[in-house]
Amino acid sequence: MVRVITQDTYDEVVKENMEEFDMSAEEAIKEAIAQFEAQGVDLSNIMKDLCLGSGDDRLVSTTVAQLKELNKSDEDDEILKHLDILKAECNKDIAHRVRAGKDGVYKILIDLLEARYKQYHKDNEVDKRIVVETLNCLTALMDTQPDLLDDHGIDLIMRILEETKNEEVLIATLQWVTNCCIKHEINRQRLFAKNIAARLKILLSSKNQKLISECLQVIRKFTLDDDIRVEFGRAHEHARELGVLLLEPLMALLKDNTKPPLVSELMLTIATLLVRHELCKMASDIGVNSLFTVLTDNYDNSVVAQQANKLITALAGNDEVKRDLVKSGIVPIVTSLLTRHSNNAISTALTLKTIAALSLREPGHSKQFLDSGAPEGIVQCLKIHPNDSAVQKNACWAIRNLTARCREYNSKFHELGIEALLNAAYDKFNKDFGFDIKSALRDLDCNVKLDEQWTGKGVQMEQ
């Protein structure tokens with residue numbers, strides 16, 4: 001069980017080290033940290049910098065207290081100054097954010113945001129700056145501590161998204177929403193219940209690429225299933241509803257934006273939403289020709305290639321769409337991407353996964369890959385990345401799907417020395433995915449000893 005201490009306990013030990021053992025501040029802090037870590041104490045929520053006064057004298061705490069007083073005043077410059085200090089303190093580490101939260105800064109910021117947002121409608125530039133800086137502070141404060149969000153905050157988020165036209169305010173609000181949704185299923189569900197998806201659809205029509213990018217970030221966060229405190233999340237339901245609502249505008253954006261960095265985010269977001277057969281078909285019917293344009297325009301860009309591979313793999317989840325992609329000529333493009341980006345481990349692993357997806361249960365597709373140089377590319381990648389588990393595993397999947405129904409091509413792999421490469425991979429990764437490696441060896445007609453998962457004891461069964 002993890003042990004925890006209070007900030008005051010930590011501060012007292014540091015002071016004791018300085019007073020009783022005549023240590024410098026740096027030595028006292030180092031010694032205190034070593035003592036607590038030896039005792040198994042979790043110091044992640046402890047501010048480790050020196051504070052000789054009481055806990056309330058820390059800069060983050062005094063800033064919160066001063067903001068509380070300034071909240072009642074019209075000293076705009078002082079408010080902006082202290083918001084800047086608070087943001088810097090919150091950006092230091094989780095300990096500073098936790099301390100600020102315990103000091104009640106969330107309510108102070110929400111009250112300040114609400115008050116200045118009302119005044120902002122009067123076209124006051126100073127109020128707009130305070131609104132944006134307050135939103136930035138909330139984003140910094142709630143990084144890895146989204147529990148602070150309450151119903152008042154959610155209502156304020158929706159109000160801003162629905163009413164304001166200022167792109168700077170909208171971007172800051174979306175960044176706050178993003179942090180509220182990370183590792184917090186309840187926040188996601190409460191925001192989704194407020195029909196935030198409809199508002200995101202409207203914002204996607206903006207011409208501001210930064211605003212669109214932040215919208216895409218929020219959309220992806222609603223499809224996460226990363227909150228260990230919740231037994232069953234609604235990630236799939238969110239992805240399905242967002243897909244039905246947003247696939248058409250997203251595909252239209254992909255057609256009009258074929259250059260990075262926005263194109264990468266668009267493809268990643270679309271791939272994230274393709275969680276059902278009918279959504280894959282919907283995306284295909286809307287038109288995936290823009291995908292070929294993206295790959296042509298960004299052939300040498302490994303980041304774009306990675307996201308394109310994710311999108312192709314997601315689309316291939318529907319067998320009908322997969323066949324349409326192959327008929328459209330995707331096979332030689334994917335094969336050439338494997339060779340072009342073979343030095344990039346992430347790109348290589350994702351391309352191999354794409355090959356495995358497109359050739360699964362499709363001998364006709366497998367033959368196209370085998371005739372277009374896929375065996376040479378796969379073997380080359382195995383040689384370049386012998387220590388990368390993702391490359392080795394995905395290569396095994398690709399080999400299995402390519403050769404399972406096309407055994408006549410096994411000789412080509414053998415000529416390239418595939419057996420020795422797979423045996424070397426088994427020596428390194430047999431505990432992680434040894435079954436996949438043996439399965440690839442089996443489908444290549446290599447000598448392989450398969451482990452019996454269960455064997456009988458030779459006992460005669462009663463009739």
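**Legends to close-up views of a predicted model**

The model is predicted: local features need pLDDT of at least 70 and side-chain atom pairs count only at pLDDT 80 or more, while totals for chains, interfaces and linings use all residues. Residues are numbered from 1 along each chain as its sequence is written, and side-chain values use heavy atoms, leaving out hydrogens and water.

View 1. Helices (H or I, at least four residues) and strands (E, at least two) are DSSP runs numbered from the N terminus. The C-alpha trace spans about 80 × 60 × 55 Å along its principal axes. Of the contacts (heavy atoms within 4.5 Å) between residues at least 6 apart in sequence, 73% join residues at least 24 apart. Side chains number 58 positive (Lys and Arg) and 73 negative (Asp and Glu), with His and the chain ends not counted. The centres of the two sets lie 6 Å apart, each charge being placed at NZ of Lys, CZ of Arg, CG of Asp or CD of Glu.

**View 2. The largest pocket holds about 220 Å³ of space.** Of its 13 lining residues, Ile5, Gln7, Asn45, Ile46 and Lys102 are the closest to its centre. Helix α5 (residues 94-102) gives the largest share of the lining, four residues. On a 1 Å grid over the protein atoms alone, a pocket is an open set of points where a 1.4 Å probe fits, with protein on both sides within 12 Å along at least five of seven lines; lining residues have an atom within 4 Å of a point. Points are joined across faces, edges and corners, and the volume is the space filled by probe spheres set on them.

**View 3. Isoleucine 46 is in the loop between α2 (25-38) and α3 (59-70).** Isoleucine 46 counts as buried because its relative accessibility is 4%. Leaving aside neighbours within four places in sequence, isoleucine 46 contacts Ile5, Thr6, Gln7, Tyr10 and Ala95. Alanine 95 is 49 residues from isoleucine 46 in sequence, with 5.0 Å from C-alpha to C-alpha.

**View 4. Arginine 240 is part of helix α13 (residues 235-256).** Arginine 240 has 29% relative accessibility and therefore counts as partly exposed. Not counting residues up to four places away in sequence, arginine 240 touches Val275, Arg276 and Leu279. The C-alpha atom of leucine 268, 28 residues away along the chain, is separated from that of arginine 240 by 15 Å.

Methods
Buried < 20%, exposed > 50% of the residue type's maximum accessible area, 1.4 Å probe, protein only.
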